[in-house]
Structures are given as structure tokens and as C-alpha cells.
Amino acid sequence: MLAIDLQKLTKRYGAVTAVNDLTLQVTPGEIVAFLGPNGAGKTTTIDMMLGLAKPNAGTVQIYGKTPAESIARGEIAAVMQTGGLLKDFTVAETVEYTASLYPHARPAHEVLDRAGIRGIGHRLVGKCSGGEQQRLRFAMALLSDPRLLILDEPTTGMDVEGRREFWQAIRQDATRGRTILFATHYLDEADAYADRIVLIREGAIVADGTTAEIKNLASGRRVRATLEAPDLSALGGLDGVIAVEQRGDSVLINCSNSDVVARYLLTCTTARDVEISSQNLEAAFVALTSKDSALSTAGHSR
Amino acid sequence: MTPELAIASDRGATPLGGFNLTALRLEITRMLRNRRTLFFILVFPSAFFFIFGLSYKGARDAGDVPLAYIMISMAVYGAMVGNTSGGATVALERNLGWSRQLRLTPLHPLAYVSMKVLTSMALGLIAICGTFAVGAATGVHMGPSIWLMAGLSAWVCSFVFAAFGLFVGVLFPAENVMQFVGPLLAIMAIFGGVFIPLSQLPKGLQAFAKFTPMYGVGLLARAPLVGGATMWAVGSVVLWTLLFGIGAMILFKRDTARV
């Protein structure tokens, strides 16, 4: 059974189409990054997964159920970008309150522990830093031991240390096999923590694949090798080669399939010091999500 | 990929839509943590009881009834503030996004509002008990059944202000809503005969008072002591409760359409 099954989702606000005929399937245990610029439709899509917004067209199924059923049974939980917390509750009281709403909640100390905030249970929420409040939301989301955890830009406004600690907590938890989908516009977060990246632009998916695939899709890789008298036309004829350039006794090849190029260099030539580097995800992101991107049609769905 | 070993897949639904005593206890504790609320439901009524009652020599000389009258009036005032404060938190929490957070849990909206109303009523009860305790300690004498009936009547009738709190909360969903509503409550309290007996108001105001929300509450709370309960008073409490309750519901619906 699929963890998330979105079929042809469309959501309009007046004349604006926030989500446009979006289809996405996530299998259990996947860690998926939902990456896109502001206003791409990430939060709207997440709101529909959580039943906070009703789609104009299309269907949402979470482990085969509607969002409302999944929420009622605690199978889905979320850490929202700006979910409200009550300032005059302590951290522990907030967790205790939320726990009391579930029939079989995990013990409060356990989720506080896993979110890394056990030491500040007695602190008033209003006195907690942004990072601590976000880890509190994470602790609350863990109470029902959800099968699917959704995080909407969970580290917005956190400092570097806060982000690092937050992701450490998520990462540790993910080893238990929870399905995780997180929205972010921090490319390095998507790169570092997701198995799979779904790139969204103007309410539609423009690319979907592993981090490596996404990078490759946008800008390809660069292969550099030390090689005297290279056969430039043979290199240029290899599958996926975009450009070949000779610089002194080095050769630089831009390509979409670095494996083919490297195999050729190492088996058919005397090339030494072969280096393969990829453009960072930032470049891929910009290329894929900019409005006039020619590459956007290269996006594929799994 | 790691198989889903540790995560339970067999789950039941939450009984009573999530209504439970732990959440209720935490809500009440949280409300009492607010110094302003605490001041207005405990300190203020007792202080006014001292000012109007004990230090008012005429009241002492006139026997037990005027002192008890003032005590009950002040208890009603405390209950009124407590209930309004509790009710007003609903809209505030909505504004803060806490309600949205709760929508990600199995908590049913009806269970949430019930817990809010009970929290408001608990604050009202604390106000009444506090003022009655101070009264008893400083020489108010009433028969046991009058203590009980007056307290109960004040408590039940002050429910109208839980609905009022819901209503003004949606109108002005701000953290300091009580700062604006406080003076409004004081004016309403005057028309309920809380600070001075209605009979001492000018005739025109006395007639007007009958149509205000506090009128029936004050009259019914003091009825066990001095009598005078009327159908008008009962109708006033019921009608104002319905009016505020329905008004709040309509405003909430309008808000939901926008969100």
C-alpha cells in the first residue's frame, strides 16, 4: 500500500491555481523532499494531504484512507511552519495536553527525549527559542507514533545550530522506518536528508528523482582527466556528452552521463587523474524552477 | 529501505472525540497562571467587597442582608470575568494557530469547545468560592441553604458570559482583549445591580438595565437571599446565552470561509 497517493490534485484560490493537476506517489519508508520556491504550491499540497484544505479536483489517500480518517487514527502527523503553540503552557504540559487527545499516545518523556528537549520540559513555551519550539512541534508529532510524518519548512527562521540539531533528531527517528515528507527551500537540506527530491513549480511537479538524478537533470556533471592528445570527436560522440574542451594536457567534458565518459576514459584511453564533479543542487534548483527553464520539460515522473 | 517494524498499524479512534480530564486540568491550570485573570476573579471582587461592604458603615448597621447582598454581587462579578476570559480564549487560540495545530489531532471541535466552556465555568466557580470564603471569614451570615442556592444560581447564570466571551473573542481576537472587555463588563455589572442596587439608579436607567445581559444574572443570584426572581430574569439569561452563542457560531463560520 502506498503511504501517499495524490491523484490529479488541483486547488484554486479565486483566479490563482495554487496546485495544478498534481500526481504524486510515495511508498512506505521513503524520505521525500518537496522542494520549490516560495509560492510553488508546497504548503497548499501539504494542507490537502492533512485535510486542512479541500482540493477542487483529484483525490488524496494516506495509507489507503482519507486525510481525516488518518488524522483521527493518528497515522499522520505534521510539523507545520507556523503552527501555533500556547506561550503560557510549559513544554511538558503542551506534550501532555496533546498526548491526552490520543487513545494510545507514546509516553511524554519518550517523545521529549527523541526530540532532544527533555531537559527543558518545565520551561514555558514563550521562553523557548525558535529551534526549541520547532523540536517541541516535532515531539508533539511523534506522540501518535505516526506512519507518515509531514514537515512543512520545519527549519524556517532557525540558526545553523538549531537546524543541525533539528535534523539530527529527525534523522535518528527516520531509522525506525517512518515515511517522511518535508517541504523546504533550503537546497542543502533536501540534498542531505532526502532519498528522493520532488521539485515543484507553479503547482506542478517539474522533476522527481534521487538527489543525484535531479542534479544531473539540470546541469549534468563535469569530468576532468589528464590526457595527452585526446580524440575530441570520439569523446564528443559519447552518449550524453554536452561539451568537450581541451586545456593544456587536461580535457574537460560536460555531460549528463558521467559513468559512460569515465568508463571510456579509463578503458579506451591513457587518461589519468579522472575527476567527476557535479554542479551543486543550487544550480539544478535554479535551472529547474526558473520560469523560462528549457529543462523543465525534462522532468520525469516515477 | 527499512521495513516498518516499530510503528504500530493497528489504531483505534479516540473516545469522546478527545474530551478528557487531563486536558481540562491543564487548561484550568494555564488560565490560573495568567495574573490578570487571577486578579480579576479573586482579588478584585474581594477588594470591592471590602470597599463597598465592610468599610461601608451603613451596611453593617443595617444587619446581615446588605453585606451578603454585596458579597453575592461581587461573586457574580468575578464569575462573569472568569467566564468571559475563558470563552475569549477560543478565538484567541484560533488566531494564534493553536486550533490549526489541534486539527492535526483527533480532537473533535465539539469536545474542544466543551472543554473550553467547562474551563470557563471552573474559573467562575473559583471566583464565587473565593469571594464567598472571604465573605464567610469577615462576618457574612446566611443560612446554609442560602449560601448554596446563591452560589449555585450565580454559577449557573454566569454561563451566559462564557457565551459572551466566545462572542467578543471572535470580534476582537487579540491577546489583550480583556483590557477592552474589562470596562465593558464593569458597565454591564452596573446594570446588573452589582456595584450599586438598581433601585438607586435613575428611573430611565433602571428600565434600560432590564434589557442588558447582566440584569437577570444579578437578580437570580441574589434571589435566594432577597427573593424577587422573575420570569423576565430567567428569560433574560436564556435569551442572552442563545444570542451570544449563536452570534459566536455565525462569526466563526464567517471566519472559516475566509481561512
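Let us start with helix α8 of chain B, which covers residues 159-171. Its 13 residues reach 19 Å from the first C-alpha to the last, close to the 18 Å expected at 1.5 Å a residue (the expected span being 1.5 Å times one less than the number of residues). Helices here are DSSP runs of H or I with at least four residues, strands are runs of E with at least two, and both are numbered from the N terminus. Helix α8(B) is mostly covered, with 10 of its 13 residues buried; buried means under 20% relative accessible area, exposed means over 50%, and partly exposed lies in between, with a 1.4 Å probe and protein chains only. Among the buried residues are Phe161(B), Phe164(B), Leu166(B) and Val168(B).

Before going on, a word on the model: it is predicted, so local features need pLDDT of at least 70 and side-chain atom pairs count only at pLDDT 80 or more, while totals for chains, interfaces and linings use all residues. Residues are numbered from 1 along each chain as its sequence is written, chains are lettered from A and ligands numbered from 1 in the order in which they are written, and side-chain values use heavy atoms, leaving out hydrogens and water.

Now step back to chain A as a whole. Its secondary structure comes to 11 helices and 13 strands, and its C-alpha atoms fill a box of roughly 75 × 45 × 35 Å along the principal axes. Of its 302 residues, 53% count as buried.

Within chain A you can find an open sheet of 3 strands in the order β2-β1-β4, with antiparallel pairing (two strands pair if DSSP finds at least two bridges between them). Strands β2 (16-26) and β4 stand at the edges with a single partner strand each, so one side of each is left without a neighbour in the sheet. On average, neighbouring strands of this sheet are turned by 20° against each other, direction ignored. Strand β1(A), residues 4-13, pairs with β4(A) over 5 bridges, and Asp5(A) stands opposite Gln61(A) in β4(A). Helix α1 of chain A (residues 42-49) packs on the sheet, touching β1, β2 and β4, and its direction makes about 120° with that of β1(A). Contact here means heavy atoms within 4.5 Å, and angles run from 0 to 180 degrees between N-to-C directions of lines fitted to C-alpha atoms, for helices over the stretch in contact.

Next come the charged side chains. A search over all chains finds 24 salt bridges, each a side-chain nitrogen of Lys or Arg within 4 Å of a carboxyl oxygen of Asp or Glu. One of them joins Glu75(A) and Lys65(A), at 3.1 Å from N to O. Glu75(A) lies in the loop between α2 (67-72) and β5 (76-79) and Lys65(A) in the loop between β4 (57-62) and α2, so the pair ties together parts 10 residues apart in sequence. Glu75(A) is buried at 2% relative accessible area, whereas Lys65(A) is partly exposed at 22%.

Another salt bridge brings together Glu96(A) and Arg25(B), at 2.7 Å from N to O. Glu96(A) sits in helix α3 (residues 91-99) of chain A and Arg25(B) in helix α1 (residues 21-32) of chain B, so this pair joins two chains. Finally, Asp88(A), Glu27(B), Arg30(B), Glu93(B) and Lys116(B) are linked in a network of salt bridges.
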